[in-house]
Amino acid sequence: MADRHPPVLRLQKLHKTYRLGLHTVPALQGVDLTVWPGEMLALTGPSGSGKSTILNIAGLIDQADAGSVAFNGRDIQGLDGTALTLLRRDAIGFIFQSFNLVPVMTVADNVDFPLFLAGVPAAERRQRVAAQLAAVGLSDHAQHRPDALSGGQRQRVAIARALIKRPKLVIADEPTASLDSHTAEQVLDLMRECCHASGEGGGAAFLIATHDHRVVRRCDRVITLEDGRILDRATETLTS
Ligand code: ADP
């Protein structure tokens, strides 16, 4: 895998400091992290260790103070705001703890929304949404509103929405934190299937920030952060 494709994401020597009035908070202190195509990578560590900061940089939402970010083999330094927005829109999916679905839209319209924004023709959108809803087991709920669904079903809608653009990378922030154990296991099984799927639309890499040991157990690789540094280098060097 690593021989044939560039990493989906390569973060090198990232530093990030927040300023709070007169104080500075060092959030990342030299983080190196590589995400390979089709892998499910857990980012874990105590609160305040820098997980969200990494997700924001990996998701091209925020920028580091120093260090480099390469997406799909291409250094993003020098890309302007529009190019970054397009790259984020087309190549990255997001999954959140609280699902972040649009409550007044049907399940199908929530999943369709990224395609609509990207200007995909209506006939193709209908077909892709139907296929994606089938893949997450929600065909029967296409015309329901999110508030008619269980937490696990809502997270499956969010997974379908994240995957509808066939992204290279899916960034998930505590995706199981609002779910009971049984539902969390089902959602994790689905994420694993989507991550390891081959063929059209499959094989996105997942970068998952989590405190949840059930998530960590299911991932291909685990990176542990503490005080803005990666603690455990052993797993990282296996594939780089
Ligand atoms: P985690 O996601 O692991 O809880 P974060 O990346 O949110 O960690 O935070 C890393 C450090 O940066 C923490 O000390 C946090 O308080 C600080 N931090 C995060 N965001 C901000 C911000 N917007 N302003 C100031 N400090 C922040």
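This is a predicted model: local features need pLDDT of at least 70, side-chain atom pairs count only at pLDDT 80 or more; totals for chains, interfaces and linings use all residues.
Let me begin with the contacts of His144. Leaving aside neighbours within four places in sequence, His144 touches Met105, Thr106, Val107 and Leu149, where contact means heavy atoms within 4.5 Å. Residues are numbered from 1 along each chain as its sequence is written, and side-chain values use heavy atoms, with hydrogens and water left out.

His144 itself sits in the loop between α4 (122-135) and α5 (151-163). Helices (H or I, at least four residues) and strands (E, at least two) are DSSP runs, numbered from the N terminus. With a relative accessible area of 33%, His144 is partly exposed; buried means under 20%, exposed over 50%, and partly exposed in between, with a 1.4 Å probe and protein chains only. The C-alpha atom of His144 is 9.8 Å from that of Asp109, a residue 35 places away along the chain.

I turn now to the ligand. Which residues surround the ligand? They are Tyr18, Leu20, Val25, Ala27, Pro46, Ser47, Gly48, Ser49, Gly50, Lys51, Ser52 and Thr53, each with a heavy atom within 4 Å of the ligand. This shell divides into five nonpolar residues, six polar and one charged. In that scheme Ala, Val, Leu, Ile, Met, Phe, Trp, Tyr, Cys and Pro are nonpolar, Asp, Glu, Lys and Arg are charged, and the others, Gly among them, are polar.

A polar side-chain atom of Thr53 lies 2.6 Å from a ligand oxygen. From the backbone, a polar atom of Gly48 is 2.7 Å from an oxygen atom of the ligand, and an N or O atom of Ser49 is 3.1 Å from a ligand oxygen. On its own, the ligand has 550 Å² of accessible area, and the protein covers 64% of it; these areas come from the Shrake-Rupley method with a 1.4 Å probe. Two or more residues of the shell come from each of β1 (9-20), β2 (23-35) and α1 (51-58). The element that gives the most is α1, with three residues.

Thr210 lies in the loop between β8 (205-209) and α7 (213-218). Is Thr210 buried or exposed? Thr210 is buried, at 0% relative accessible area.

Next, the backbone. Most residues other than glycine have a negative phi. Lys13, in strand β1, has a positive phi near 50° and is exposed at 57% relative accessibility. Leu60 also has a positive phi, of about 60°; Leu60 is in the loop between α1 and β4 (66-71) and is buried at 5%.

Finally, the cysteines. How many disulfides are there? The count is zero, a disulfide being a pair of cysteine sulfur atoms within 2.5 Å. For Cys194, the nearest cysteine sulfur is that of Cys195, 8.5 Å away. For Cys219, the nearest is again that of Cys195, at 8.2 Å. Cys194 is buried, at 11% relative accessibility, and Cys219 is buried with a relative accessible area of 11%.

Notes:
A polar contact is a pair of N or O atoms within 3.5 Å; within protein, one must be able to donate a hydrogen and the other to accept it, and residues adjacent in sequence count only if both atoms are side-chain atoms.
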